[in-house]
Amino acid sequence: GGGGGGAKAGRVAGRKGHGGRRGQVGWGRQAGGDGFVAPGFWEGERRLWLNRVAIGHKESVVYARDNELVSEGYVRACKILGDVKGRQTVAMDVRLLDVLAAIQMHYAAYGWKLPLNVLSGYRSLKTNAGLEGAAKNSMHLYGRAADIYMSGVDLGHLKAVSRQLQAGGVGFYPGKGFVHVDTGAVRLWAG
């Protein structure tokens with residue numbers, strides 16, 4: 001597989017715009033107490049609480065602190081988001097981790113302190129090819145997508161929150177019980 005264990009701690013790009021650099025998210029709203037992303041998000045500790053449903057593994061990881069990657073936490077997040085079926089891990093897009101953290105932070109601000117349930121993160125070509133309806137050039141292949149849900153949170157609301165970030169693609173799959181988020185072009189679809 002594609003490693004992940006070789007991640008180095010380094011400066012995470014700031015968030016002043018959409019520039020597309022690694023670690024940077026182009027938000028539709030500015031962080032600053034608007035109730036969506038808390039002030040200090042970019043300077044503080046960036047934590048994810050993930051539940052990888054296929055293997056029943058829950059873990060809370062700090063992947064960045066004071067705008068610097070935390071190698072151990074970043075590598076753990078990459079492993080949790082790796083291809084479970086193909087047993088492969090890649091370096092996940094830091095912007096995807098930021099999107100997931102922002103979603104989680106939004107719900108936590110309203111008292112919903114729950115893990116993000118991850119159905120799919122990175123996918124190998126073989127895993128992707130074996131999934132019915134998977135796009136041939138899926139963002140999952142590049143470590144830039146995750147299929148998620150939160151227990152007790154309405155999928156339509158999760159879609160709306162994800163879309164408000166304006167950080168990439170949002171796919172709504174109510175029949176399959178998840179929302180797809182990625183760091184590609186900003187777009188919305190239903191499956």
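**Figure 1. Burial and span of helix α2 in the predicted model.** Helix α2 is mostly covered, with 13 of its 16 residues buried. The helix comprises residues 94-109. From its first C-alpha to its last, α2 reaches 22 Å, which is close to the 22 Å expected at 1.5 Å a residue. In general, an α-helix has 3.6 residues a turn, so residues three or four places apart point the same way. Just after α2, residue G111 adopts a positive phi of about 90°.

**Figure 2. Residue R46 in strand β1.** The strand spans residues 45-52, and R46 is found within it. The relative accessible area of R46 is 1%; because this value is under 20%, the residue counts as buried. R46 and V70 are separated by 24 residues in sequence, and their C-alpha atoms lie 9.5 Å apart in space.

**Figure 3. The aromatic pair formed by Y173 and F178.** The structure holds 1 aromatic pair. Its rings belong to Y173 and F178, with centres 4.7 Å apart and planes at 20°, so the pair is stacked.

**Figure 4. The charged end of K159 over the ring of F172.** In this view, a lysine is shown with an aromatic residue. The charged end of K159 sits over the ring of F172, at 4.7 Å from the ring centre.

Terms used:
Residues are numbered from 1 along each chain as its sequence is written. This is a predicted model: local features need pLDDT of at least 70, side-chain atom pairs count only at pLDDT 80 or more; totals for chains, interfaces and linings use all residues. Side-chain values use heavy atoms; hydrogens and water are left out. Helices (H or I, at least four residues) and strands (E, at least two) are DSSP runs, numbered from the N terminus. Buried means under 20% relative accessible area, exposed over 50%, partly exposed in between (1.4 Å probe, protein chains only). The expected span of a helix is 1.5 Å times one less than its number of residues. Rings of Phe, Tyr and Trp (its six-membered ring) pair if their centres lie within 6.5 Å; planes under 30 degrees apart count as stacked, over 60 as edge-to-face and the rest as tilted. A charge sits over a ring if NZ of Lys or CZ of Arg is within 6 Å of the ring centre and within 35 degrees of the ring normal.
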